[in-house]
Amino acid sequence: MKEVISMSSDSLAEPGPLDSRQRLEALAERLRAEGWYAQVAAADGRLGLVRVVNPAAPPLNDDIRIGVDGAGLWWFRWSFGDRIAHVDNVDIAAARIIQVLGCPCR
């Protein structure tokens, strides 16, 4: 039987693969609702990522991951490691991703 690890914003527990995938799926769903390409990729037992592509400018893209900071808090992170938003703030993460990967052509 698999154990599911739940996490609140004040929890220091590492999200398990299932919880991580749910958070990545929530982010991908939010981005797709804005018309962006967002696909979750995760191998068994790994945290995974969301591949995000600007539909108006496909070269503007990134792989968004989940990672922990020095205080033990979990964040959505750019491929180069910088924090985007806490994993509980899907709307803020989506808005920041759209802002950074957006272009004036929209």
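What share of the 106 residues of the protein counts as buried? The figure is 40%. Please keep in mind as you look around that this is a predicted model. The protein is built from two helices and five strands, and a search of the whole structure turns up seven salt bridges. The points below start with the overall layout and then visit some of those bridges.

**Overall layout**

- Starting at the N terminus, the elements follow the order α-β-β-β-β-β-α.
- Helix H1 covers residues 17–33, while helix H2 covers residues 90–101.
- Among the strands are S2, made of residues 49–53, and S3, made of residues 61–68.

**Surface and contacts**

- The protein has an accessible surface of about 6200 Å², and carbon and sulfur atoms contribute 51% of that area.
- Take the contacts in the protein with a separation of 6 or more: 38% of them are between residues 24 or more positions apart.

- Arg21 and Glu25 form a salt bridge, with 3.3 Å between their closest N and O atoms.
- Both residues sit in helix H1, and because they are four residues apart there, about one helical turn separates them.
- Glu25 is partly exposed, at a relative accessible area of 29%.
- Arg21 is partly exposed too, with a relative accessibility of 33%.

**A salt bridge between the two helices**

- Arg30 and Asp91 meet through their side chains in a salt bridge, at 2.9 Å from N to O.
- Arg30 belongs to helix H1 and Asp91 to helix H2, so this pair ties together parts of the protein that lie 61 residues apart in sequence.
- Arg30 counts as partly exposed, with 27% relative accessibility.

**A salt bridge between two strands**

- Arg51 and Asp63 form a salt bridge in which the closest N and O atoms are 2.9 Å apart.
- Since Arg51 lies in strand S2 and Asp63 in strand S3, the pair ties together parts that are 12 residues apart in sequence.
- Arg51 has a relative accessible area of 32%, which makes this residue partly exposed.

**A salt-bridge network**

- Which residues are linked in a network of salt bridges? They are Asp19, Arg23 and Asp88.

How values were computed:
Residues are numbered from 1 along each chain as its sequence is written. This is a predicted model: local features need pLDDT of at least 70, side-chain atom pairs count only at pLDDT 80 or more; totals for chains, interfaces and linings use all residues. Side-chain values use heavy atoms; hydrogens and water are left out. A salt bridge is a side-chain nitrogen of Lys or Arg within 4 Å of a carboxyl oxygen of Asp or Glu. Buried means under 20% relative accessible area, exposed over 50%, partly exposed in between (1.4 Å probe, protein chains only). Contact means heavy atoms within 4.5 Å. Accessible areas come from the Shrake-Rupley method with a 1.4 Å probe; for residues, only the protein chains shown count as cover.
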